[in-house]
Amino acid sequence: MKFFPHLLVFICTALLPLTGCDSGGKEEPGSSFDRQAMLRHYADNLIKPSYTALLGRIETFKTQTSVFIANPTGTELSALQIAWAAAYTDWQYANAWNFGPSGEAGLKKGLVEEVGTFPAGTAKIESAVGAGQWNLEDFNRDARGFLAIEYLIYGQNQSADEVAALFAADAQRRDYLQALVNDLQRRISEVVNTWNSAYSSEFIQNDGTDVGSSISQLYNEFVRSYESIKNFKLGLPMGKRPGQTQAEPQLVEAYYSGLSLTMLKAHFAAVENSWYGRARNGQDGPGFREYLESVEGGNTLIAGTEAQLAALKSALAAVPESPALSEQIANNSPQLEALYVELSKMTRFFKSDLSSLLGIAITFSSGDGD
Amino acid sequence: MRVIIGAMLIFSTLRFIALGWVNDHYVCPTFHFKYFGFEWIEPLPGAGMYAVHGLLLISSLGVMLGGYFRYAAWAQFLLFTYTELIDLTYYLNHYYFVSIACFLLALTPANRAFSLDAWRKPSSFQTQVPRWTVFIFQLQLAIVYIFAGCWKINSDWLLHALPLKIWIPANDRLPVIGWLMRYECTPWLFSWAGMLYDVTIVFWLMWSRTRLWAYLTVIFFHSVTGMMFQIGVFPLVMMGATLVFFSEEWHKRWQNRLRMWGRKWPRFCQKSAIKSTPMQVNRTPGWIFALLLAHFVFQIVFPWRYLLYPGNVFWTEEGYRFSWRVMLMEKAGTAVFYVKDSRTGREGEVLNGEFLNPHQEKQMAMQPDLILQYAHFLKKHYEEKGLDNPTVRAEVYVTLNARPSQLLFDPELDLTKLSDGWSHKTWITPAPVSSGQ
C-alpha cells in the first residue's frame, strides 16, 4: 500500500536535477504568453476599429446612394463610386474576422460570404431588377453585398453617364440598389453593435487554445483569409485549377471597377498586420509573431515567415499598377506568375507550421488518446 | 466489463450523432481514405449511416443489459469496426482498442450474471467464469499500456520533453491545474511521469496491495489528459476498462448495490439472486483458444514491424498505426497537389477543400500513405473530368515536434507512378534532425 506513493515521490525527486527546477516557485508563472492580452489587443486595436471605420464608410456611401437616387446623374454616380471604393477598401481590413457576431448562424453564413461573395451573379441581379423583387436572406449571395453593388454602379464597360441613365430610367433598379446598400449597412452595424456590447469581453475571456477558443477562431479565419487571396483572388482567374483550360480574368474580385489590384494589396496588408498584431494605424502589440516568440521553435519560424513575407512583398510590388488586374491576367503577366509562386510558398508558414507550434486545435474531431 | 463496454459505446455513439459527426464524417466528404486490405469498405448513403449508428445503439444496449448477448456482442463488434474502417483519417488508437474489446467480449460468456439473458433463462446463470475470460482483457490492457509506455522512451519525449513542451503551455488556462502549465519544468515532469505510468501501471493494478492507489492514479492521469487534450471518450474508456483488474468480491459488492437501487424491478433481482449452479464449466471450445492465441501473438508482434523499415517511424509513419503509439508527436503539414494534363501540359493546383473536410485534409497532409491514396484519387477524378492521362505531384511540407518544416518528398515526383504497399517507401526524404527512435 505504501510502496506506490513512495515510488512516486522517488520519481519526482529523481526528476528535479534533470530539469534544474526546484519544485517550489521557480520563475514567475507569468513567463508563459499572455493570450488574454493578445486577444484584448486584437479586439480593441484591430477588429473593432476595422469594423467601426468600415461602418463609417458605409454610412457615407449610404448617404451618397440617397443623393444619387434622388438625382441619378453621371456626376453623382462618380461620387458614389468613390464612396464605394473607400468602403470596399476598408472591408479588406475587416474581412478576416468571421466569427462571433460575424460567424455562421443557422442559414446565415459568415460575413465574408454574405457581403463579399464574388464574382457577382449578373444574371441573377438583372432578373431581380427586372422582376422588381428580391430576397436578401437566401443563398444567392452573389446577388447582394459589395460586389453586386459594384456591378450595378460601375456597369460593364459603360461610362458614368450611361450607367446613371439606366438608373434614371428604371425605378426598380434604384430600389434594388437602395435595398442592397441598406442590407449591407444593417449587417455591418449589427456586427459593430455586438462587438461593442457583450461580445468583446466574451472574446477576450475565451482564452484557451481548443477548438472554439478565440485564438483558434482568429487563427482559422486568418488562414482562410490568406488562402482566399491565393486561391480565389488570383488562382481561379489565372486558371490555376486543374480542369481549367485557360485563364478566366472576369473572375477577379472587383472586376467592374477595375480596382482588383488595389483591393488585393489592401487585403494582403491586412493579413500581414494580423500576423504581426499591428493595427491599421501602425500601432503594434502582441500578435501571432509575439506569441511565437514564447514557444519552442518559434524564433526559427519567425525568421522563415518574415523572409517569405519580404519575398512576397517584393513580388507584389513588382506587379504594375496598370492595366487592370484582369487585363494583366489575360496577358499572362510573368509578374503575376511570380507573385502566385511566392503566395504558394507562404502557405505552409501560416497554415500548418504556425498552428503546430502554438498547439492550436483547428478541427473538432478528437485526437489520439494517451 | 460487459456493462461498461455497452454503456461506453452507447455514450460514444450518441455523442457522434449529437455532434453531427455522422454527417460530417461519413456523408459529406466526397472521398474516403481506405485501410490497406479494406479498400472495399464503403460508407452507406446518408440515411444508411444513421441506420448503422442506430443499430449500433441497439446492439450496445443489448450488450449492456445482457439481452440476446451473443448476437448483440457480435453485432456491436462488426458495426463499430465497420464505422471505423470507412475512413482511415479517423483512426484513433482508442477506437482500435474499443474494437478489440468488443471482439474479445463477443468471445466470452459474459451474459451469465446480472443480465437479461440469465433472467430469461435462469439455467444459464453462473457467478463464476473461466479465468481466461478475465485474463484476456487484462492482457489486452497490459499490451496497450506497456507498448504506449515503451514508445515514449525516445530522446524527443524524455530529453526534450517534446511534444509536451508544445502542448502544455497551450493549456495554461485550464481550471484547477492550469497554473501548473506555466512552469518550465512541467513538460519534463509530465513526460517522465507519463512514461513511467504507462510502463508500470499494469503491475500496480495487478498487485492487490497497490491496486487502490494505482486505480486512483488511473483516474487522476486520465482526468488530467482528458482535460488537456481533445481526446474524446478515451479517458472514460480507460477508466472503465481498468476496473477489470479489481477482484471478484469488489465487483460483486457493486453489483449488489446496483441491485438495491433496482428494487423497483423485483422480478429481475429475485431471479438473478437465485443461487448459481455451482461452477459447471462448459468446456470452452478449442477454436476460441486458437483464435485468442492468434490474436495475442498478432498483438504482441505487429507493433514491432516498424523495425523492418529503415528511417524514422515518426517521419515515414511506416509501422506507426495499430501499435499503441499515442500522443507521441506534434506533426502537421501543408500539402499542395498539382495535376497536369499530359497532352496540353497545363498544370493546375487542387483545392483540397473541394474533396476533403478539414480533418481529413489535416491528417492526409502529414501521412505518406494517405497522400499517395489521395493522389491516385485525384488522377481518377480528373481523368473522368476529361484530363488526358493526368500526372499528380505534390509539394508537402511537414513540421515534426516544432522543427522547421521540410519537404516530405521531392515535389517533382509523379505520385501516380507510385503505389502503396508494405514495402519501404524509398521516395520519402530522410527525417529532419534525428528524432525519437
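Chain B holds an open sheet of 4 strands, ordered S2-S1-S3-S4 with antiparallel pairing; two strands pair if DSSP finds at least two bridges between them. Strands S2 (347-349) and S4 (406-407) of chain B stand at the edges with a single partner strand each, so one side of each has no neighbour in the sheet. Helices (H or I, at least four residues) and strands (E, at least two) are DSSP runs, numbered from the N terminus.

A word on the source: this is a predicted model, where local features need pLDDT of at least 70 and side-chain atom pairs count only at pLDDT 80 or more, while totals for chains, interfaces and linings use all residues. Residues are numbered from 1 along each chain as its sequence is written, and chains are lettered from A and ligands numbered from 1 in the order in which they are written.

Back in the sheet, S1 (residues 331-340) of chain B runs antiparallel to S2(B), and 3 bridges join them. Lys340(B) has Glu347(B) in S2(B) as its bridge partner.

Axes are lines fitted to C-alpha atoms, for helices over the stretch in contact, and angles run from 0 to 180 degrees between N-to-C directions.

| Element | Partner | Angle |
|---|---|---|
| H3(A), residues 74-92 | H7(A), residues 160-169 | roughly 100° |

The axes of H3(A) and H7(A) come within 8 Å, and their crossing angle makes H3(A) roughly perpendicular to H7(A) (65 to 115 degrees). Gly74(A), Leu77(A) and Ser78(A) of H3(A) meet Ala160(A), Asp161(A), Val163(A) and Ala164(A) of H7(A); residues are in contact if their C-beta atoms, placed from the backbone, lie within 7 Å.

The contact between the chains takes 53 residues from chain A and 59 residues from chain B. On the side of chain A, H14(A) gives the most, with 10 residues.

What about the interior? The largest nonpolar core has 202 residues, and those touching the most other members include Ala148(A), Phe337(B) and Val396(B). Such a core is a set of buried Ala, Val, Leu, Ile, Met, Phe, Trp, Tyr and Cys residues joined through C-beta atoms within 7 Å, buried meaning that 20 or more other C-beta atoms lie within 10 Å of a residue's own. H2 (residues 35-70) of chain A supplies the largest share of this core, 11 residues.

Note on methods: Parallel < 35°, antiparallel > 145°, perpendicular 65-115°, else oblique. Contact = placed C-beta atoms within 7 Å. Buried ≥ 20, exposed ≤ 12 C-beta atoms within 10 Å, placed from the backbone.
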